[in-house]
Structures are given as structure tokens and as C-alpha cells.
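Here is a friendly note to read beside the model, point by point. Please keep the structure open as you go.

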Amino acid sequence: MAASSPAFKKMSGAVGGAVPDAEWKVQGLYPISVVTEMTGLGAHTLRGYERAGLLQPARTAGGMRLYSPRDVAIVRRAAALAAEGINVTGIRRILQLEAEVALIRAEFDGVPQPVVAASAERGASGTG
């Protein structure tokens, strides 16, 4: 799954205005200077994460990066993984796998419980 996959893709739209709850998390709100203060990382590192495909901050008409709360969460997770000694390629793969797990969990949470229980019973009995 690439950084442009649905799990990583950001919703497009103008910044500001009334926004549904789910959308505010993916809209660019913070300029790079604010994100550097929020995360303790330098602007060079943030731009490096972008070049590596870990995130895609929104851009203003003038080209200024605007980071969403989701972007900030990705930056913090990437920084934590980097602090553990994981390289950017490994970080990218971990973030992709975490996004896939989140999608599967969301799909699983949408399945009615009797269906889930029946599937679990079939799996436990070795049939199915």
C-alpha cells in the first residue's frame, strides 16, 4: 500500500468553514513552524518525512505546508519509531501496516456480532 492509498490519502477541501467532525482531522491547519513546536522536530525533518512519503501536508495557494492533526499524529509516531532506531523505509512500512490494521478493525467493527461469533466458532472448530 503506497502513501497515496486510501488509508494514507487525505481528503481535499478548503481550509476553514464548517467541517464535519471526521474531516477536520485530515484538513491542513498548522503551518510548519507550529508543528515544529508541537513535536520538537525541526522543519528539515518534517520536510524529509514528506519527501520519504510518510505524509502529504496540504498546501496553500502560495505553496505553504499546512499540517492536519492526522499529519501531526503521523509525525509523532514516525519520530517515536525513529528514536527506536528504525530507518525511514521501516517507518513507512510500519505506518502502512498500522493503517491496514485500522481499516480491518473498522470493517470488523461494522460486522454484526452474530456473524462475527459464527466466524470465530468456525475458525475454532477447524471448519470454514
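1. The side chains of Arg59 and Glu50 meet in a salt bridge, 3.1 Å from N to O. The term salt bridge stands for a side-chain nitrogen of Lys or Arg within 4 Å of a carboxyl oxygen of Asp or Glu.

2. A word on what you are looking at. This is a predicted model, in which local features need pLDDT of at least 70 and side-chain atom pairs count only at pLDDT 80 or more, while totals for chains, interfaces and linings use all residues. Residues are numbered from 1 along each chain as its sequence is written, and side-chain values use heavy atoms, with hydrogens and water left out.

3. Now the overall layout. The chain has six helices and three strands, and along the sequence they follow the pattern α-β-α-α-β-β-α-α-α. Both kinds of element are DSSP runs numbered from the N terminus: helices are H or I with at least four residues, strands are E with at least two. Of the 128 residues in the chain, 26% count as buried. Among contacts with a separation of 6 or more, 56% come from residues 24 or more positions apart, where contact means heavy atoms within 4.5 Å.

4. Glu50 deserves a careful look. Is Glu50 buried or exposed? Glu50 is buried, because its relative accessible area is 19%. Glu50 sits in helix H3, residues 43-51. Leaving aside neighbours within four places in sequence, Glu50 is in contact with Leu55, Pro57, Arg59, Arg65 and Tyr67.

5. Which residue forms a salt bridge with Glu50 at 2.5 Å between the closest N and O atoms? The partner is Arg65. This pair links distant parts of the chain, since Arg65 is in strand E3 (residues 65-67) and Glu50 in helix H3, 15 residues apart. The side chains of Glu50 and Arg65 also make a polar contact of 2.5 Å, and a polar contact of 3.1 Å joins the side chains of Glu50 and Arg59. A polar contact is a pair of N or O atoms within 3.5 Å; within protein, one must be able to donate a hydrogen and the other to accept it, and residues adjacent in sequence count only if both atoms are side-chain atoms.

6. The structure holds three salt bridges. One of them joins the side chains of Arg77 and Glu98, at 2.6 Å from N to O. Arg77 lies in helix H4 (residues 69-83) and Glu98 in helix H5 (residues 88-109), so this pair ties together parts 21 residues apart in sequence. Arg77 counts as partly exposed because its relative accessibility is 31%, and Glu98 counts as partly exposed at 34%. Salt bridges with shared partners join Glu50, Arg59 and Arg65 into one network.

7. Next, a helix pair. Helix H2 (residues 32-39) packs with H3 at an angle of about 105°, their axes 9 Å apart. That makes H2 roughly perpendicular to H3. Axes here are lines fitted to C-alpha atoms, for helices over the stretch in contact, and angles run from 0 to 180 degrees between N-to-C directions. Angles under 35 degrees count as roughly parallel, over 145 as roughly antiparallel, 65 to 115 as roughly perpendicular and the rest as oblique. On the H2 side, Ile32, Val35 and Thr36 meet Ala43, Leu46 and Arg47 of H3.

8. Pro31 brings us back to Arg65. Pro31 is in strand E1, residues 30-31, and is partly exposed, with a relative accessible area of 24%. Although Pro31 and Arg65 are 34 residues apart in sequence, their C-alpha atoms are 5.9 Å apart in space. Not counting residues up to four places away in sequence, Pro31 touches Met64, Arg65, Leu66 and Tyr67.

9. Last, please look at Ala82 in helix H4. Ala82 counts as partly exposed, with 33% relative accessibility. Beyond residues up to four places away in sequence, Ala82 touches Tyr49 and Ile91.

How values were computed
Buried means under 20% relative accessible area, exposed over 50%, partly exposed in between (1.4 Å probe, protein chains only).
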